[in-house]
Each structure stands twice: as structure tokens, then as C-alpha cells.
Amino acid sequence: MLLRPLRFVPSRSWVRSLHQRRSLLYPLENGLGDFLPPPALKSLAVDWQQGLLDRLNEEVKDTEDEGLNLAKTVINTAAREERTLAFNYASLALNNSFFLDNLKPPPPPPAENHQSEISMQLLGAIRQQHGSLPQLKSEFSAAALGMFTSGWVWFVTDNVGNTGVLPTFGPGTLLIRSRTYMAHEKGLSLGDLATTGQLPINQPTPPGVSPSSPISGVSGSNTPNGIPPHSRSYNIYRPAASLLDENNENPEPKTKSELLNTGQVLYPLFCLSVHEHAWMAAGYGVWGKEEWVKKFWSVLDWEKVSKAYEAVKK
């Protein structure tokens, strides 16, 4: 009798416990214009993302964090130094998901970008608080170019329509606050098929994590500066990562100068990866970040950003 070697077949429950990369919202093989040509898009959306998830799966295997989606993994590991690697991998994968989900291929010529799809409501807020759309682009690009380490630059709003530009460093994220996934569009994380959006808010906050979570760059109470040593997430403005004035019973959109000193709750609308491997993979070279950032605006999905902005205001 011929004996065949046994082949390990993962159980259905074990497969479900793994973080799995899902497909992009647009064709991978076409790339994203000059910003991320096909090989570069594959490098970020497949190779790097899968590498983050593979390493995360190894870190959470046989732990209490196994089987959680990315957002819950970020929350459960943020205040625990022994879970630093799991936090880093989960947060980076979540950020990378959000970054790529708010892009789409450039429009056909003669159009150079998707600015015609921006809503009048969002455009009005940008003009009021930043002066003009070109000025917002300049502020955002300056924040990216001023970062001499890896991280992310975010365009955010609060629920009365104030907007701002905030950086986070390393694996820091603005997508999680007070145990809640803050992005408007739920369940579309590139990094995790299981991301379900808002998390239970009646769960106790982890020790050392205040309602203004340190993973978002907001001061907490677990370290002298309120930031866990592994998150390295900071905000160059005051107070950190805050745009909503909770003391104002009838909040109105604020001027740019007022934005720097108000608020508690923000919602990310889009972000930009500031990682050298991104513009290097796109063919811009070591010193090509500035030109690469200029190309970012050609693929930003302003229609999606506008819908998220309007949904937050409602």
C-alpha cells in the first residue's frame, strides 16, 4: 500500500485568526500614475503590507491579542511595553491601509488631478481656515518635507468642520482614539479583512491610556510626557492632536490661529506616508521626496475625502 505524507491543513478557525491583506480598491497592475508606478504600488500595498501582517501574526500567535482586528490590536497593545512590536506592526499596517484607501489613479488628460471633485462645503472650510487650496497643499507639503524621520502627515477635521494638518512619527496613528476607530469609512482597511469600525466604548481604558490616547499624539498619563516610549507620536502644534473646543456650547468654525489652541476630538480625512522606501520605490531617489510629494496631489481622491468630511459634520 502506498502511503502519502500527511499534509497540514489549517483549520477554518485558525485561518480566521490571522490578519489577512485584502485587495486594493483600484487595479494594482495599473499603479497610481507617477506617484506610485505599478512596481512601487506593489511594494507598498503588497510587499510591505504583507510583511507587516506576517510579523504581526507571529507576534500575536498564542497570545490574548490573537484573533483581534488591527484596530483592536493597536488599542490592546498601545500601553504595554512588552507588546511594542505588535503595536508597531499593527499601527503601521492600519496607517498604510488608510493612506492607500484614499487614493485613486490619476484622471485622463488634460486633467491633472481630482480637484474638480472636491465639495463646496469642504472647499469653503479650506478657504476659511487655510486661505486657499494651494495654501493648504503648501502647509501639508511643508509638514511632510520638514520631517527628518519616518511617519505620517494627516489632514483632519472635527465635528464642526475645523480642519488642520498634523504629523505623527514612527508608528504613531490618529486613527484610534478612546477605543474607537476614527475614520469615517468603516471596514475598508487594506491591512485587515476583519476591521469592523467602531469598537465597544464601554470597555475599560487600558492602564496608562487616558481618553486622549497617547497613540494619537495626545498627552496621556503613563509617561512624563504622556507618550508611551514605543509610539513616538508627537504633534508640533498645541495642544496635541486636538481641534474641538469642548467648552464652547455653540461651536463655530474657527480661524487657523484659533485651531492651534482648541479641541479634543478629531477625525482623519487622509494621510501621506513619509517613509523613504515609498519615494525610493517610486524611482525618485534618496533626495526625491519633494518631487514625490508634489505628485501626491494628482492621485488624492477628493470626492471620497469630501464625503468623509460631510459625514463627520452631520
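**Exercise 1. How many aromatic pairs does a search of the whole structure find?**

Solution. The search finds 15. Rings of Phe, Tyr and Trp (its six-membered ring) pair if their centres lie within 6.5 Å. The model is predicted: local features need pLDDT of at least 70, side-chain atom pairs count only at pLDDT 80 or more, and totals for chains, interfaces and linings use all residues. Residues are numbered from 1 along each chain as its sequence is written, and side-chain values use heavy atoms, leaving out hydrogens and water.

**Exercise 2. Describe the pair of Phe98 and Trp154.**

Solution. Start with the geometry. The centres are 6.0 Å apart and the planes 25 degrees apart. Planes under 30 degrees apart count as stacked, over 60 as edge-to-face, the rest as tilted. This pair is stacked.

Next, place the residues. Phe98 lies in helix H4 and Trp154 in strand S1 (residues 151-157), so the pair ties together parts 56 residues apart in sequence. Helices (H or I, at least four residues) and strands (E, at least two) are DSSP runs, numbered from the N terminus.

Last, check burial. Buried means under 20% relative accessible area, exposed over 50%, partly exposed in between (1.4 Å probe, protein chains only). Phe98 has 8% relative accessibility, so Phe98 counts as buried. Trp154 has 0%, so Trp154 is buried too.

**Exercise 3. Which residues of H6 and H9 make the contact between these helices?**

Solution. Contact means heavy atoms within 4.5 Å. H6 supplies Phe140, Ser141, Ala144 and Leu145. H9 supplies Lys289, Glu290, Val293 and Phe296. Phe140 and Phe296 are also among the members of one aromatic cluster.
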